[in-house]
Amino acid sequence: MSTPLPRPAGDAADLATVTPLDDGPLQVEGAFRVVDPDGTTHDLGDRPSAYLCRCGASARKPFCDGSHLRVGFRTAAEPGQ
Ligand code: FES
């Protein structure tokens with residue numbers, strides 16, 4: 001059994017929402033920022049959401065560029081697996 005993670009501080013309305021899309025990227029909505037390991041912050045402009053690659057095939061990492069469709073990325077288990 002896994003240990004629950006601590007809840008972040010702040011009101012629920014202040015928290016970003018991360019939604020794993022079926023066979024696709026992570027959709028992130030709300031106030032957030034994306035920072036590379038070297039500390040570089042990506043400029044998201046006024047966009048209220050972003051799509052983060054989780055298939056590994058994007059040429060625009062960490063963002064999704066639609067390559068998950070080309071590589072046939074699947075997140076749901078196929079029947080019988
Ligand atoms: S999830 Fe879309 S390119 Fe990787």
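User: What is a nonpolar core, and which residues make up the largest nonpolar core?
Analyst: A nonpolar core is a set of buried Ala, Val, Leu, Ile, Met, Phe, Trp, Tyr and Cys residues joined through side-chain atoms within 4.5 Å. Buried means under 20% relative accessible area, exposed over 50%, partly exposed in between (1.4 Å probe, protein chains only). This is a predicted model: local features need pLDDT of at least 70, side-chain atom pairs count only at pLDDT 80 or more, and totals for chains, interfaces and linings use all residues. Residues are numbered from 1 along each chain as its sequence is written, and side-chain values use heavy atoms, without hydrogens or water. The largest nonpolar core has 6 residues: Val28, Val34, Leu44, Ala50, Leu52 and Phe63.

User: Which residues does alanine 50 contact, leaving aside neighbours within four places in sequence?
Analyst: Contact means heavy atoms within 4.5 Å. Alanine 50 belongs to the largest nonpolar core. Its contacts beyond those neighbours are Leu26, Gln27, Val28, Phe32 and Phe63.

User: Is glutamine 27 buried or exposed?
Analyst: Glutamine 27 lies in strand S2, residues 26-29; strands are DSSP runs (E, at least two residues) and helices are too (H or I, at least four), numbered from the N terminus. Its relative accessibility is 15%, so glutamine 27 counts as buried.

User: Which side chain makes a polar contact with the side chain of serine 67?
Analyst: Serine 67 lies in helix H1, residues 67-71. A polar contact is a pair of N or O atoms within 3.5 Å; within protein, one must be able to donate a hydrogen and the other to accept it, and residues adjacent in sequence count only if both atoms are side-chain atoms. At 2.6 Å, the partner is aspartate 65.
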